[in-house]
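Please keep the sequence and the three-dimensional view at hand while reading.

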Amino acid sequence: MVDAAIKTLKERGGSSLPVIKKYFASTYKVDAVKLAPFIKKYLKSAVASGKLIQTKGKGASGSFKLSPSASKEPKAKSAEKKKKAPAGDKKKKAAAPKKAAAAKKPAA
């Protein structure tokens with residue numbers, strides 16, 4: 001939702017937190033005050049992961065723009081990964097944690 005807000009607003013210097021909150025309130029008809037901590041947390045994590053670029057400020061304050069790599073539409077990589085992964089690997093991965101959990105119970 002935050003990415004969509006920044007993309008829709010198309011501000012040259014980036015969109016600030018108050019502008020993003022205003023967009024949420026008008027577009028999604030939600031209480032922006034209640035969503036503020038979640039928006040701030042997302043902004044910080046998106047900057048850390050490289051999805052957003054912070055043009056001004058520190059933390060959740062300042063202005064944010066979509067990074068050039070994030071603004072492009074992601075390709076269907078998940079569909080390719082699902083086709084390449086054999087079904088036998090999933091069963092082996094799921095069985096290993098059960099054995100470890102069973103071994104821990106008697107020790108505790």
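## Overall composition

The structure described here is a predicted model. The protein contains six helices and three strands. Along the sequence, these elements follow the pattern α-β-α-α-β-β-α-α-α.

Of the 108 residues in the protein, 20% are buried. The protein exposes about 8400 Å², and carbon and sulfur atoms supply 61% of this area. Among contacts with a separation of 6 or more, 35% are made by residues 24 or more positions apart.

## The sheet

The three strands form an open sheet in the order S1-S3-S2, with antiparallel pairing. Strand S1 (15-16) and strand S2 (52-56) are the edge strands, and each of them pairs on one side only. In general, the strands of a sheet pair through backbone hydrogen bonds, in either a parallel or an antiparallel sense.

Two bridges join S1 to strand S3 (residues 63-66) in the antiparallel sense. In one part of this pairing, Ser15 stands opposite Phe64 of S3; Ser16 has Ser63 of S3 as its bridge partner. The pairing of S2 with S3 is antiparallel as well and comprises four bridges. Here Lys56 stands opposite Ser63 in S3.

Helix H3 (residues 32-49) lies across S2 and S3. Relative to S2, helix H3 runs at about 105°.

In helix H1 (residues 2-9), the buried residues are Val2, Asp3, Ala5 and Ile6. Viewed down the axis of H1, these residues fall within an arc of 160°, so they line one face of the helix. The buried residues of H1 pack against S1, helix H2 (17-27), H3, S2 and S3. Just after H1, Lys10 adopts a positive phi of about 50°.

## Ser15 in strand S1

Ser15 is located in strand S1. Is this residue, Ser15, buried or exposed? Its relative accessible area is 1%, which is under the 20% limit, and Ser15 is therefore buried.

Leaving aside residues up to four places away in sequence, Ser15 touches Ile6, Leu9, Ile20, Gly62, Ser63 and Phe64. One of these, Ile6, is among the buried residues of H1. Another, Phe64, is the residue of S3 that stands opposite Ser15.

Ala60 is found in the loop between S2 and S3. Why does Ala60 count as buried? The reason is that its relative accessibility is 10%, whereas the cut-off for a buried residue is under 20%.

Which residues does Ala60 touch, not counting residues up to four places away in sequence? They are Leu17, Lys40, Leu43 and Lys44. The C-alpha atoms of Ala60 and Ile39 are separated by 8.5 Å, while the two residues are 21 residues apart along the chain.

Conventions: Residues numbered from 1 in each chain as written. Predicted model: local features only at pLDDT ≥ 70, side-chain atom pairs only at ≥ 80, totals over all residues. Heavy atoms only, no water. Pairing = 2+ DSSP bridges. Contact = heavy atoms within 4.5 Å. Axes fitted to C-alpha atoms, helices over the stretch in contact; angles between N-to-C directions. Buried < 20%, exposed > 50% of the residue type's maximum accessible area, 1.4 Å probe, protein only. Arc of directions from axis to C-beta. Areas by Shrake-Rupley, 256 points an atom, 1.4 Å probe, with all protein chains shown as cover.
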